[in-house]
Each structure stands twice: as structure tokens, then as C-alpha cells.
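Here is a short report on one protein chain.

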Amino acid sequence: VGEVPSEIGLLSSLELLHLGDHRLEGTIPSILFSLTNLSSLVLSKNRFTSTLSSEIQFLSNLGKCGRMHFFQFLSNLEVLELYSNFLAGSLPSELRLLTNMKRLVLEKNDFRGNPWESIRHWPKIQDIRLDYNQELKGPILTEIGTLTDIKDITITGTKTGGSLPSEIGLLTNLELLAFEQSDLTGTIPFEFWTNFTKLGKSIVW
């Protein structure tokens with residue numbers, strides 16, 4: 001209960017910070033984004049109300065560095081979980097710099113923009129959960145076919161649009177694909193059905 005103390009920024013060697021389901025509120029402390037050794041940041045199921053863009057811009061000014069380079073300070077980050085908060089605003093394009101990202105969970109917030117522009121730069125990504133951000137949009141880019149470690153994609157209740165690219169058939173590790181209540185159109189690619197070995201009952205549309 002309450003806010004995250006700013007003193008947590010003094011823990012410069014911190015690698016894992018899991019504060020989920022603690023009824024924390026206020027804005028996400030900017031100082032968290034200066035913990036350069038973080039590999040996992042979990043702030044889900046709280047009451048945070050801010051935008052990632054505003055926090056990032058603040059830190060960029062503080063460190064006298066360009067926004068373009070800020071996320072390089074979090075180059076070790078592999079897990080970012082922010083689901084079930086009151087976060088809003090555009091996803092910053094600098095997210096693409098998190099090239100070690102394996103798990104992104106943004107469900108049940110109010111983010112907007114096209115997350116796939118960043119996701120396509122994450123060769124290690126395994127789990128993408130974007131459900132119920134009604135202003136997140138697409139389309140899913142053809143580069144998704146190069147992200148062969150992906151196991152889960154859930155985009156229920158988003159504005160992800162266009163058609164499923166045939167390259168999704170290259171994701172042979174895919175176990176869960178959920179896209180009901182999205183804006184996807186067209187037919188399901190033939191490759192979708194022929195190339196999967198693990199995907200079966202976990203298709204939801």
C-alpha cells in the first residue's frame with residue numbers, strides 16, 4: 001500500500017524487482033528506470049497512473065542524454081510486466097532498444113500505438129500479452145516470422161488490425177494464440193495450420 005520509495009534507486013546491483021499485487025499507487029518512480037542491472041521488472045496489479053513516455057522523458061532530462069539512448073541503460077531487461085494498472089499513453093519507440101526482452105505483459109491498461117514496431121527488434125521474445133488495451137493497434141508485421149522463440153501471443157480486446165501474415169507459420173514454438181475481439185480481418189493463412197507442432201486447443205479467436 002502506498003508509493004514506491006525513491007530510495008529503491010540506491011540498489012544499483014538489483015536484478016529482480018517484483019512488486020506485483022501490493023496496491024501501490026501514484027506514478028512509476030522514474031528512478032526505477034536507472035537500475036541498469038535489472039533483468040526483471042514486475043509492477044502488475046497495482047494502481048499506478050502514469051505514462052511510460054513521461055517517465056522516460058524525465059529521466060532523459062535528468063541524465064542529460066537524448067531520449068534515443070535512454071533504454072540502452074536497461075539493456076539487461078528481459079521481463080517487463082505492467083498488467084492491471086491505470087497506465088496510459090503512447091508506447092515509446094525506444095522500447096525497441098530492449099533487445100534482450102523475453103516477456104512483455106501490458107494487459108488491462110490504456111496504452112496506445114503500435115507495439116509491433118518495437119517487438120520486431122526483440123529476437124529473444126517468447127511471451128507477448130497485450131490484451132484489453134483498446135487503443136493498441138497493428139498490423140502484425142511480417143518480421144514476426146524471424147522471432148522463432150515466441151510461445152504466446154495474446155491480443156484480445158485490442159485494435160490489432162490487418163490480416164495474420166503467412167510468416168506466423170514460421171513460429172513453430174507457438175503454444176498460445178488469442179486474438180478474439182481484435183480488428184484482424186481476412187482468412188487464416190494456410191501456413192498457420194500446417195507448420196505448428198505445439199499449437200492446438202490454445203487457439204482463441
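## Basis and overall make-up

Buried means under 20% relative accessible area, exposed over 50%, and partly exposed in between (1.4 Å probe, protein chains only). By that rule, 48% of the chain's 205 residues are buried.

The model is predicted: local features need pLDDT of at least 70, side-chain atom pairs count only at pLDDT 80 or more, and totals for chains, interfaces and linings use all residues. Residues are numbered from 1 along each chain as its sequence is written, and side-chain values use heavy atoms, with hydrogens and water left out.

The chain has four helices and 15 strands. These are DSSP runs, numbered from the N terminus: helices are H or I of at least four residues, strands E of at least two.

## Nonpolar core

A nonpolar core is a set of buried Ala, Val, Leu, Ile, Met, Phe, Trp, Tyr and Cys residues joined through side-chain atoms within 4.5 Å. The largest one holds 49 residues. Leu82, Trp116, Ile150 and Ile153 touch the most other members.

Contact means heavy atoms within 4.5 Å. Beyond four places in sequence, the contacts of Trp116 include Ile128, Leu130, Pro139, Ile153 and Thr160.

## Ser39

Ser39 sits in the loop between strand S2 (25–26) and strand S3 (40–42). Ser39 counts as buried because its relative accessibility is 17%. Leaving aside neighbours within four places in sequence, Ser39 contacts Glu15, Leu16, Asn76, Leu77, Glu78 and Val79.
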